[in-house]
Amino acid sequence: MSPGTQPLRIEIRDQDVSALYQRAEHQHALLVFAHGAGAGMQHAFMASISDELATRGIATLRYQFPYMERGRRAPSPRALLLATVRAAVARARDLAAELPLFAGGKSMGGRMTSLAAASDGGLPGLRGIVFFGFPLHAAGKAGSERADHLKDVGLPMLFLQGTRDKLAELSRLEPVCAELGTSATLHVVEGGDHSFQVLKRSGRSESEVRSELADAVVRFVELHTP
């Protein structure tokens, strides 16, 4: 666990889940950071991105979805996933009310965040959403229905997407972002797959790619922070 990281519990309905609040030196924003469908909040990607953001003044609140907390493979029902997002965002507001608040996550975690923002009541106090690989469609089943709710989010959105992402063909994601207009910012990671891994022949390391992702998040946060 990185220095400055505080373990927490977040209550959702009649249960609770674990979370990690990672502070940053001279922090100027807080990102509520949800994991993807197949790996929890302590996955190497989640930890390294949180570390990268901490060096840039952005604190993070990582948290588990209930099914991951219980060691199950199948995601919880959507209503419970959305309730978890809302509880995590509410906890973040309590932790650091003075900081501009952003939220999002890896793949499913980002999509659940935007679904929560688009639903009745939304996510009060949020300034923007960050998608680390928006899962636009299943692998080999190209479509864009999963993006239908984005027009109802009503917040700035940053899409971080790899050119080799099999869950979001750029030829389909680019029109989605164009339709969202100034609400959407698309940052393309050349050669990245859905996990932002690049081929060896690219000459780029994982750390260089994750630094690129963190820099893009910082620009987005600064753009939407007074």
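Let's start with Arg62, which sits in strand 4 (residues 58-63); strands here are DSSP E runs of at least two residues and helices are H or I runs of at least four, numbered from the N terminus. The model is predicted, with local features needing pLDDT of at least 70 and side-chain atom pairs pLDDT 80 or more, while totals for chains, interfaces and linings use all residues. Residues are numbered from 1 along each chain as its sequence is written, and side-chain values use heavy atoms, leaving out hydrogens and water.

Is Arg62 buried or exposed? Arg62 is buried (under 20% relative accessible area, 1.4 Å probe, protein chains only). Arg62 has no salt bridge (a Lys or Arg side-chain nitrogen within 4 Å of an Asp or Glu carboxyl oxygen); Asp51, the nearest side chain of opposite charge, lies 5.5 Å away.

The side chain of Arg62 does make a polar contact of 3.2 Å with that of Ser50 (N or O atoms within 3.5 Å, one able to donate a hydrogen and the other to accept it; residues adjacent in sequence count only if both atoms are side-chain atoms). Beyond four places in sequence, Arg62 touches residues including Phe33, Met41 and Met46 (heavy atoms within 4.5 Å).

## Strand 5 and its partners

Six of the six residues in strand 5 (residues 101-106) are buried. Strand 5 pairs in the parallel sense with strand 3 (residues 29-34) over five bridges, pairing requiring at least two DSSP bridges. Phe33, one of the residues touching Arg62, stands opposite Gly104 in strand 5.

Strand 5 also runs parallel to strand 6 (residues 126-132), joined by six bridges, and Ala103 faces Ile129 there. The chain passes from strand 5 through helix 4 (residues 108-118) to strand 6 in a right-handed β-α-β crossover (clockwise from the first strand over the helix to the second, with the strands pointing away from the viewer).

Technical notes. Buried < 20%, exposed > 50% of the residue type's maximum accessible area, 1.4 Å probe, protein only. Lys, Arg positive; Asp, Glu negative; His and termini not counted.
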